[in-house]
Amino acid sequence: MANQIRLKKGYDIKLVGEATKEIVSTEAPKTYAIQPHEIRGLVPKLQVEVGSEVKCGSPLYFSKSQPDVFFTSPVSGEVVEIIRGEKRRILEVRILADGKLTYENFGAADPASLGRDGVKEKMLKSGLWAFLRQRPYNRVAETNVVPKNIFISGFDSAPLAPDLNFALKGRESHLQTGINALATLTDGKIYLGLDSKEDNSTFASLKNVTVNHFEGPHPAGNVGVQIHHVAPINKGDIVWTINIQDLATLGKLFAEGIYDPERVVAITGSEIENPVYTKMRVGACLDTLASKVKPGNVRIISGNVLFGSKVDINSYLGFYDQQITAIPEGDEPEFMGWLLPSEARPSISKTFLSYLLPSKKYRVNTNMHGESRPFVVTNEYEQVLPMDVYPVQLLKAILAGDLEAMEALGIFEVVEEDLSLCEFVCTSKQPVQNILADGLTLIEREG
Amino acid sequence: MKFLKDTIDKLRPNFEKGGKLHFLHSTFDAFETFLFVPGHTTHGKVHVRDGIDLKRTMFTVVIAMLPVLLFGIWNVGYQHYLSIGEASTLMDNVLFGLIQVLPIIVVSYGVGLGIEFAFCQVKGHSVNEGFLVTGMLIPLCLPPTTPLWMVALGTAFAVIIGKEVFGGTGMNLLNPALTARVFLFFAYPAYMSGEFLSNGSAVWFAGDRALMVDGFSGATTLSVMASGGTAEYSMMDMFLGFEKGSIGETSVLACLIGAAILIISGIGSWKIMASVFAGGFIMGSIFNMVGGTPFLDMPAVQHLLIGGFAFGAVYMATDPVSAAQTEKGKIIYGLLIGILTVLIRVSNPAYPEGMMMAILLMNVFAPLIDYFVVESNKKRRLKRATV
């Protein structure tokens, strides 16, 4: 019988614009882009130039600090543009799709018979290794370590997040092959976290994994929270995580020998006409969704409202993202908005009467709803972080640059997305995720 | 609304860098953001923010203080007419109270905000909302007869020494309002804890000894108890607040209404409030067991009703900046405040009001309490690693 873990802390931001469970096919995007800057600290070394022909799985660049980790093309076609930013930093490698999808052949194989090194080599070459994330530091997995455990979350509890059980229906065998591949990489266990209140039929038959059931509000679906409650990261421990949709891609690599990074993406938010699911490849251009976005001043997010990147409609699906959210911008001043809000807004504070309507769905905008202030209110972050971590003290240790305190207070156990609700609830409007990211960068460099 | 917005937009260039009135930019900013929540949008990976901000938080606390303020105003008038033996209507009491109390509030806000704005101007900070609460707390914890210059002096001391030297809102070690109170208490003891001044005017109610009816005492229950007497009020009167005392402190009922507002809105910590009351009751009960003097024998519950106990527990101890910041720490902090208050009251007759001392003392110790709570978390993590 699976382990049941009940979490009380957290908060579900209920929003308008949930995707109906229907996968609608959209017009195939013409361009794709892989963006090195999505990964903190990644310095790419290009393997292609403008005009290079690529197939699905052809290398585009590798990481300077991890030369064996390749980032490969999600589509077949021609490299048409390399976008650079300040100091010639590479921002995007753009590919014009040829509309045919020809694949590099990495050879189908049973991961168990390949063994650890064989699996590793195939993943590195095909570009799948980059989807393995390592904690602490939330970086791409190091190739020369054996992780203590590998964690996978089988549900996404973020606002309007896709139903992964629905998204992966029919891909059970790929998931199983993916798990078998991961099993060769660790001497520990592979943990799968499931939502105990939802349908888990897609995952019911999976073997070779230890299943834990979680119950509770967001961030229960965050893999970091699940790690904390199942087998917390201690000093010196390394664990890996992978998004479950990428696990299916990994399975397909071993089953069919190809890199086919197609995901089921939820197109959500109040500013989307008829929110639905659609299939997209990593790095797909979002311009094919333009007709679905309502007119007006809209923010488009690759990811969810608590952890996502602001993009424009001609930009691309993020490397790890499985959701697109569109909400109105909130750049209009609001008369006495702190006292008499012009429209209902989600809040954990009971000073808003809408807390009496717990199932009300909101049309949120991106307004800060107040100005930045020093830390004043206490027991606010603590209400939304279901971990035995003191978030304010941790953030203050980071601000003070105190490496020892950061470590002692558990910085190795959290990554940016775990504290995103803390940033949401903050009365003083502190940039919580940025502070944590600075802390992680600092301790990775100095620690 | 449009007109207002346009006016502000027209005025703004004067206050921006290079403008004629740039030296008043913080002031302009404070008023502008009071009228219009700025159209600033999120710019990280978190795209939405909770509707609450510090303005709303502090405003909720001000609302929670209204019951004690309104009752205090009425009671100032009531005590005055009682002392001269005249019958008075509700309106009489309120009018008299307003005349006494409003100037104190105006001075407190005027002086405090003036200094706060000046500091923000010089340091280039935006004006914080913390003083909205402090500016109301200071009048509420003073006797109704406090001279206005004294209010101004106490407020200035609180804002400068209690807050700004530490870096402003959020950085201070001590509760600023109590800093004002304790400064005045030590600087002008006769005005803060005596019964009558040398000119014959009473301290705890607005009146003159010469005009008082026979048998009306000038002392508060606390000072009566401290000097070995017995309380002149019934428990019910003390609970409802029909007694002499500082403007806001007399009515436990009004404090409890305020507490309910703070707790239901989630702004004030119920853990601190409950543990302060529990601490006071425990220490009172221990003294009851010892017994011997009228003060030692005073029922433990009565400790919670007299003086500024309830007021301190609800409004002063719960200040999130100067209180303990961890949830476990808050309980220890509250318990110790309750215990110390009763201990100081009973064992040190020189300081009849122990609440103020106890809270300030625990403000100083709050970081230490948090330190131990946080250390235990660190130890837990370390232990997990070595097992």
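How many residues lie between E17(A) and E18(A) in the hairpin that they form? The two strands form a hairpin with two residues between them, where strands (E, at least two residues) and helices (H or I, at least four) are DSSP runs numbered from the N terminus.

This is a predicted model, in which local features need pLDDT of at least 70 and side-chain atom pairs count only at pLDDT 80 or more, while totals for chains, interfaces and linings use all residues. Residues are numbered from 1 along each chain as its sequence is written, chains are lettered from A and ligands numbered from 1 in the order in which they are written, and side-chain values use heavy atoms, with hydrogens and water left out.

**Strands of chain A**

Two strands pair if DSSP finds at least two bridges between them. Strand E17 (residues 298-304) of chain A is joined by five bridges to strand E18 (residues 307-311), and the two run antiparallel; A:Ile300 has A:Val311 as its bridge partner in E18(A). E17(A) also pairs with strand E19 (residues 323-328) in the antiparallel sense over five bridges, and here A:Arg299 stands opposite A:Ile327. Seven of the seven residues of E17(A) are buried, where buried means under 20% relative accessible area, exposed over 50%, and partly exposed in between, with a 1.4 Å probe and protein chains only.

Elsewhere in chain A, an open sheet of seven strands with mixed pairing has the order E1-E13-E12-E11-E14-E9-E10. Strands E1 (3-6) and E10 (139-140) stand at its edges with a single partner strand each, so one side of each is left without a neighbour in the sheet. E1(A) pairs with strand E13 (residues 210-215) in the parallel sense over four bridges, and A:Gln4 has A:His213 as its bridge partner.

**Where the chains meet**

In chain B, 54 residues are in contact (heavy atoms within 4.5 Å) with 74 residues of chain A. The buried area, which is the accessible area (1.4 Å probe) that two parts lose on being put together, summed over both, is about 5,700 Å² between the two chains, and carbon and sulfur atoms give 56% of it. B:His47, B:Arg49 and B:Arg56 supply 15% of the area that chain B buries against chain A, more than any other three residues.

**Salt bridges**

A salt bridge is a side-chain nitrogen of Lys or Arg within 4 Å of a carboxyl oxygen of Asp or Glu. The structure holds 38 of them over all chains, and the count between chain B and chain A is six.

| Pair | N to O distance |
|---|---|
| A:Arg116 and A:Asp187 | 2.6 Å |
| A:Lys148 and A:Asp237 | 2.9 Å |
| B:Arg12 and B:Glu32 | 2.4 Å |
| B:Arg380 and A:Asp388 | 2.8 Å |

A:Arg116 is partly exposed, with a relative accessible area of 28%, whereas A:Asp187 counts as exposed at 64%. A:Lys148 is partly exposed at 32%, while A:Asp237 is buried at 16%. In chain B, B:Arg12 lies in helix H1 and B:Glu32 in helix H2, so the pair ties together parts that are 20 residues apart in sequence.
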